[in-house]
Amino acid sequence: MPRMPIALRACFGVALCLAACTAKAEWLAQTRSMMGTEIRVELWAENAERGSAAQQAVFDEVHRLDLMMNPMNPDSELSRINREAAQEPVVTTPEIVEVVQRALYYSDLSGGAFDITFASAGRLYDYRGHVKPSADALVQAAEKIDYHHLRLDPEAGSIAFDQPGMAIDLGGIAKGYAVDRGIAILRAAGITSAVVAAGGDSRVLGNLGDRPRVIGIRHPRKDGEYAALIPLQDTAISTSGDYERYFEEDGVRYHHIINPRTGGSAGGVQSASVIAPHGIDSDAMSTTVFVLGVEKGLAFINARPGVEAIIVDSEGRLHYSDGLLQE
Ligand code: AMP
Ligand code: MG
């Protein structure tokens with residue numbers, strides 16, 4: 001307790017007790033801008049004060065990951081990797097090692113549709129500024145996209161690029177990882193009902209009283225409308241959409257999900273949503289399914305037990321994975 005007169009100390013003690021003893025159970029919901037999107041933490045707190053502290057701890061953690069993994073911030077650990085990994089292996093953080101390891105797993109599984117080295121070409125676009133590379137520059141940069149040239153040594157905790165001109169970007173998987181970290185923090189704080197969302201990546205803990213929580217999949221072309229509503233409990237859902245970051249030129253939509261084979265925007269799909277137990281997986285797979293397209297994307301998901309998908313194709317038609325059709 002800070003130094004203060006004895007009479008005041010007594011009052012202070014009473015006030016502290018009143019604050020703690022009358023803290024009521026309530027829903028807490030807060031949104032903050034981080035990781036280039038909106039981070040939302042909603043939870044049911046039996047004790048509002050402790051709930052609020054847990055909520056703050058989630059925001060602190062997401063902020064820490066943002067500082068570490070933001071490719072646009074020259075001071076981030078990820079930028080350091082991009083600057084130095086072609087010269088020598090860069091010993092990095094356990095968080096980046098974990099995320100890159102999972103990213104490489106999905107690269108192998110998807111035949112290269114998911115590839116964090118997409119950034120070798122992806123970094124030449126500025127969607128807000130309507131900037132795209134020339135055809136020549138794109139061909140050259142696209143040659144540098146290949147996750148096989150990314151060497152991860154999990155024991156040493158290091159990353160190396162075995163060719164110059166390469167870059168990585170964790171934008172297709174890091175938000176899912178962040179929501180997993182958020183849910184882990186809330187669980188450890190004794191919270192049993194919550195949602196942590198980072199833009200299109202959400203993870204649901206528990207349910208709403210006796211009902212599952214209903215999560216809406218945004219309509220890719222109608223602001224404020226939903227393409228589908230899905231009841232979810234103890235799971236993660238991620239949506240990748242061509243409406244998140246894009247500009248149009250001569251009737252072509254240049255958006256932020258890149259086909260690693262060409263370095264250009266992936267076509268055929270307006271949005272791909274994936275439901276999986278963990279956010280790191282639903283996030284990586286929503287980007288993967290977007291790149292694979294309807295047919296190959298559904299085959300990819302139908303081969304994975306416990307994972308489901310909803311795809312909106314380029315004509316606005318909905319496609320569901322087998323598990324959702326059976327329910
Ligand atoms: P999401 O909304 O999860 O699909 O993430 C989109 C982000 O993923 C983009 O802004 C890029 O940072 C990253 N990305 C784009 N194309 C790919 C790809 N083919 N593989 C992995 N990450 C990608
Ligand atoms: Mg993703």
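## A walk through the predicted model

Helices (H or I, at least four residues) and strands (E, at least two) are DSSP runs, numbered from the N terminus. S79 counts as buried because its relative accessibility is 7%; buried means under 20% relative accessible area, exposed over 50% and partly exposed in between, with a 1.4 Å probe and protein chains only. Apart from neighbours within four places in sequence, S79 is in contact with N70, P71, N73 and P74, where contact means heavy atoms within 4.5 Å.

A word on conventions: this is a predicted model, in which local features need pLDDT of at least 70 and side-chain atom pairs count only at pLDDT 80 or more, while totals for chains, interfaces and linings use all residues. Residues are numbered from 1 along each chain as its sequence is written, chains are lettered from A and ligands numbered from 1 in the order in which they are written, and side-chain values use heavy atoms, with hydrogens and water left out.

Next comes an open sheet of three strands, ordered β3-β5-β4 with antiparallel pairing. Its edge strands, each pairing on one side only, are β3 (90-91) and β4 (150-153). Two strands pair if DSSP finds at least two bridges between them, and two bridges join β3 to the antiparallel strand β5, residues 158-161. In one of these strands, β5, S158 is the bridge partner of V91. Across β4 and β5 lies helix α4 (residues 94-109), running at about 125 degrees to β4. For that angle, axes are lines fitted to C-alpha atoms, for helices over the stretch in contact, and angles run from 0 to 180 degrees between N-to-C directions.

Now for the metal site. The magnesium ion (ligand 2) is coordinated by G172 (O), D283 (O), D283 (OD) and T287 (OG1), at 2.0 to 2.7 Å. Donors are N, O and S atoms within 2.8 Å of the metal (3.2 Å for Na, K and Ca), and sites may look incomplete because water is not among the atoms. Along the chain, the donors of this magnesium ion follow the spacing G-x110-D-x3-T. G172 lies in the loop between β5 and α7 (174-188) and D283 in helix α8 (residues 279-292), so the pair ties together parts that are 111 residues apart in sequence. G172 is buried at 16% relative accessibility, and D283 is buried at 4%.

Strand β8 (residues 213-218) contains I217, which is buried at 2% relative accessibility. Beyond its neighbours within four places in sequence, I217 has contacts that include Y226, I237, S273 and I310.

Y125 and Y127 are stacked because their ring centres are 5.5 Å apart and their planes lie at 0 degrees. F247 and Y254 form a stacked pair as well, at 5.2 Å centre to centre and 20 degrees between the planes. Y125, Y127, F247 and Y254 form one aromatic cluster.

Finally, R32 lies over the face of F59, at 4.2 Å from the ring centre. A charge sits over a ring if NZ of Lys or CZ of Arg is within 6 Å of the ring centre and within 35 degrees of the ring normal.

Note on methods:
Rings of Phe, Tyr and Trp (its six-membered ring) pair if their centres lie within 6.5 Å; planes under 30 degrees apart count as stacked, over 60 as edge-to-face and the rest as tilted.
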